[in-house]
Amino acid sequence: MGATPKSIESWRPWLLGILLALLTWAYWNALSEAAISWRGEQYSHGALMPLAAAAILWLRRLGGKADWRPQMPGELRRLIVAGGLVAIGGVTYLGGKTLGETAPPSDLARGILSSGLIFLAAVFYALGLILGVVFAAKSWLHVAKEPTLPKGAPMGEGQRPSVILPVSPRGAISAASEGHDALHISKAWPGLLLLLTATGLRLAFTYFGLDVPAMATFSLSCLGAVLAVMSTRAMKWCWPAALLLLFSFPLPFGLERALLVPLQGLAASVGTYLLQTMGLEAISEGAHFIKLGDLQLGVVEQCSGLRMATAFLALVVLYLLVAEVPRWQIPVLILSAVPIALVVNIVRITLTGFLYVYAGREWGQRVFHDWAGLLMPFLAVILLVALRALLDCLIVFEEETEIPLAQRARKSVRQG
């Protein structure tokens, strides 16, 4: 007895999970290299980007605007299972990292145990994210196979507008035939072609020694896997997650070097100017140093603003994917992300120099190292919200209500 389309349909999310697990295994070395960059200050936000990508898939699973609330039976249980695995991975990683930092170099057993815990944490983290994608795919598939209603048709009791896809021009679609068509090879070939393209690009980048672009093909491979299993109709659902996944990887070394030096010089020059406007005897020395009397403040690579720029750009993209923003504001907010991050970084350097002079070295070090990590993103978000409010005030769209023809005729008669 052959499998029915309905039974095959129920296995599609799990097939997607198996394919994502195989991709994770195939890219394990590349992902491990990316994880090394996550331990540094420059790309510490990268560890959260896969989690953000899975969260976006969950928020967009209903086909409409972002909705995090469980809407169908079993969703809350699935969310707890996936989130619990991710949390276990995080706790295991902290335990392995703490054990590795406290273990003496001569203690080989504790070093091996620390490495084992970190590896186990990565497995739990990846498994939780893959299950989260599978559960989001189950919900998306349930919504996608719902028959669409013709325009103007009344909704039955208990139906949710959030789980009804936009109306197809051909009217209602049969759920069984739609699921059967989605599994047909003619529907899967775009995703398979994308998978082959990502594999070819990875081999080419690896051959020429371009490690970072080779890592980034993981995002393209995941997108191809989703399209191959879930059909091309899933593109609207999954492309934002693939975009966020790109922020998990560091910038290519040549590009990073090309950006760091000019950004360090910009931060030092503007910081010197602002300190001078405050009445301080600040002098720019060299390209990356600020002299405040007998004190010399160095603008090192971590102070260049590149870290804040990449992290805040990812945050702005995530905000635009979740919030309802007018389309004309989207490019403005994206283009403003890097300038806002640089402004916040310059404020950090200026405040540090001010505190070094008037409050002492201890307060300057405390603000620079301990509090800046919390204050900078907070200030950047405030500036983004202020810019969004300004844009809302600049252009206001008013919807004109159409007056029925009979009312217009009566109004013209009265005026005549």
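This is a predicted model: local features need pLDDT of at least 70, side-chain atom pairs count only at pLDDT 80 or more; totals for chains, interfaces and linings use all residues.

Trainee: Why are α8 and α9 called roughly antiparallel?

Mentor: Look at the angle. The axes of α8 (residues 211-230) and α9 (residues 235-245) cross at roughly 165 degrees and come within 9 Å. Angles over 145 degrees count as roughly antiparallel, so α8 and α9 get that label.

Trainee: What makes α11 and α12 roughly antiparallel to each other?

Mentor: α11 (residues 306-322) packs against α12 at about 155 degrees, and their axes are 8 Å apart. The cut-off is over 145, therefore α11 and α12 are roughly antiparallel. Their crossing is right-handed.

Trainee: Back to the loop between α8 and α9, where Ser 231 lies. Why does Ser 231 count as buried?

Mentor: Its relative accessibility is 3%, and buried means under 20%. So Ser 231 counts as buried. Check its backbone too: phi of Ser 231 is near 80 degrees, a positive value in a residue other than glycine.

Trainee: On to charges. How many salt bridges does the structure hold?

Mentor: Two. In one of them, Glu 75 pairs with Arg 61.

Trainee: How do you know that Glu 75 and Arg 61 form a salt bridge?

Mentor: The closest N and O atoms are 3.0 Å apart, and the criterion is within 4 Å. Glu 75 sits in α4 (residues 75-102) and Arg 61 in the loop between α3 (49-59) and α4, so the pair ties together parts that are 14 residues apart in sequence. Both Glu 75 and Arg 61 are buried.

Trainee: What makes Asp 392 and Arg 388 a salt bridge?

Mentor: Their N to O distance is 3.7 Å, again set against within 4 Å. They are four residues apart in α13 (residues 361-394), so about one helical turn separates them.

Trainee: Why is Arg 388 called buried, while Asp 392 is called partly exposed?

Mentor: Arg 388 has a relative accessible area of 17%, and the limit for buried is under 20%. Asp 392 is at 34%, and partly exposed runs between that limit and 50%.

Methods
Residues are numbered from 1 along each chain as its sequence is written. Side-chain values use heavy atoms; hydrogens and water are left out. Axes are lines fitted to C-alpha atoms, for helices over the stretch in contact, and angles run from 0 to 180 degrees between N-to-C directions. Helices (H or I, at least four residues) and strands (E, at least two) are DSSP runs, numbered from the N terminus. Angles under 35 degrees count as roughly parallel, over 145 as roughly antiparallel, 65 to 115 as roughly perpendicular and the rest as oblique. A crossing is left-handed if the near helix is turned anticlockwise from the far one by less than a right angle, and right-handed if clockwise. Buried means under 20% relative accessible area, exposed over 50%, partly exposed in between (1.4 Å probe, protein chains only). A salt bridge is a side-chain nitrogen of Lys or Arg within 4 Å of a carboxyl oxygen of Asp or Glu.
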